[in-house]
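Subject: Structure handover

Hello,

Here is the structure for your files. My notes on it follow below.

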Amino acid sequence: LNKIISGGAALSPEVGAFLLALGVVIDEGYGLTETAPVIALNRPGGRRPGSVGRPMPNVEVRIAGDGEILVRGPSVFSGYFRQEEATAAALVDGWFHTGDIGRLDEDGYLYITDRKRDLIKTSGGKFIAPQPIESRLKASGLVAEAVVVGEGRKYVAALLTPHWPALEAQGIDCGDRAAACADARVQALFAAEVERVNAGLARFETLKKFALLEAEFTVASGELTPTVKVRRRAVEANYRAVIDSLEE
């Protein structure tokens with residue numbers, strides 16, 4: 001086996017490059033149940049890392065004014081069973097509104113950047129896609145989880161959970177996690193990681209502050225789904241006081 005088709009979640013460029021170095025080719029694609037299911041796929045002779053490939057021949061794709069990916073074609077569903085309101089919201093003039101934000105490049109390759117419902121709108125009216133920023137933060141060996149916050153606020157900030165073994169490997173005592181988070185050395189390490197990520201962002205996207213969380217996200221707390229995906233709204237609710245303090 002030297003080839004894998006990837007879908008269902010974003011493929012980290014680092015993971016893709018690592019597997020390719022091992023001789024395993026990954027063709028990343030994109031689709032939804034409502035589109036039966038494939039919309040786009042990287043194919044032999046036309047792969048573009050970072051994209052989900054070009055749309056399938058039977059599918060039309062366009063990008064709405066707000067960045068949402070719209071799809072039309074014979075493979076797109078005709079509606080939700082006995083859910084007229086949901087159908088009317090999802091299908092407008094024959095175009096299925098995927099709920100995903102993306103872009104098409106000059107060669108027709110599709111890139112997924114975020115979920116529409118996850119976009120952050122600051123008090124200044126700027127829309128920011130948090131997932132690409134979070135992925136860059138988690139590319140650091142120090143960051144276990146990252147959640148970008150800032151809805152309705154002056155700027156965006158980040159909640160970070162440390163990767164404790166990585167800190168311990170640097171000689172930092174993590175027996176008392178609250179004390180470790182407050183340690184000046186730890187704060188400096190994470191500040192450097194935030195600056196690394198900020199260097200590749202537009203000015204309005206840059207993280208102005210961050211907070212280190214001593215507790216890990218869990219399914220029991222409602223912060224993770226059973227498939228270990230972060231529930232953004234639950235994290236924001238559970239750490240409201242921390243988020244508020246980042247604006248002080």
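**Rings and cavity**

The charged end of Lys126 sits over the ring of Phe204, at 5.2 Å from its centre. A charge counts as sitting over a ring if NZ of Lys or CZ of Arg is within 6 Å of the ring centre and within 35 degrees of the ring normal. Arg62 lies over the face of Trp95, 4.4 Å from the ring centre.

This is a predicted model: local features need pLDDT of at least 70, side-chain atom pairs count only at pLDDT 80 or more, and totals for chains, interfaces and linings use all residues. Residues are numbered from 1 along each chain as its sequence is written, and side-chain values use heavy atoms, with hydrogens and water left out.

There are 3 aromatic pairs (rings of Phe, Tyr and Trp, the last by its six-membered ring, with centres within 6.5 Å; planes under 30 degrees apart are stacked, over 60 edge-to-face, the rest tilted). The ring centres of Phe77 and Tyr80 are 4.7 Å apart and the planes are at 65°, so this pair is edge-to-face. Phe77, Tyr80 and Phe96 form one aromatic cluster. Phe77 is buried, at 18% relative accessible area, while Tyr80 is partly exposed, at 28% (buried is under 20%, exposed over 50%, partly exposed in between, with a 1.4 Å probe and protein chains only).

The lining of the largest cavity includes Val149, Arg153, Tyr155 and Glu247 (on a 1 Å grid over the protein atoms alone, a cavity is a set of points where a 1.4 Å probe fits but cannot get out; lining residues have an atom within 4 Å of a point).

Regards

Notes
On a 1 Å grid over the protein atoms alone, a cavity is a set of points where a 1.4 Å probe fits but cannot get out, and a pocket is an open set with protein on both sides within 12 Å along at least five of seven lines; lining residues have an atom within 4 Å of a point.
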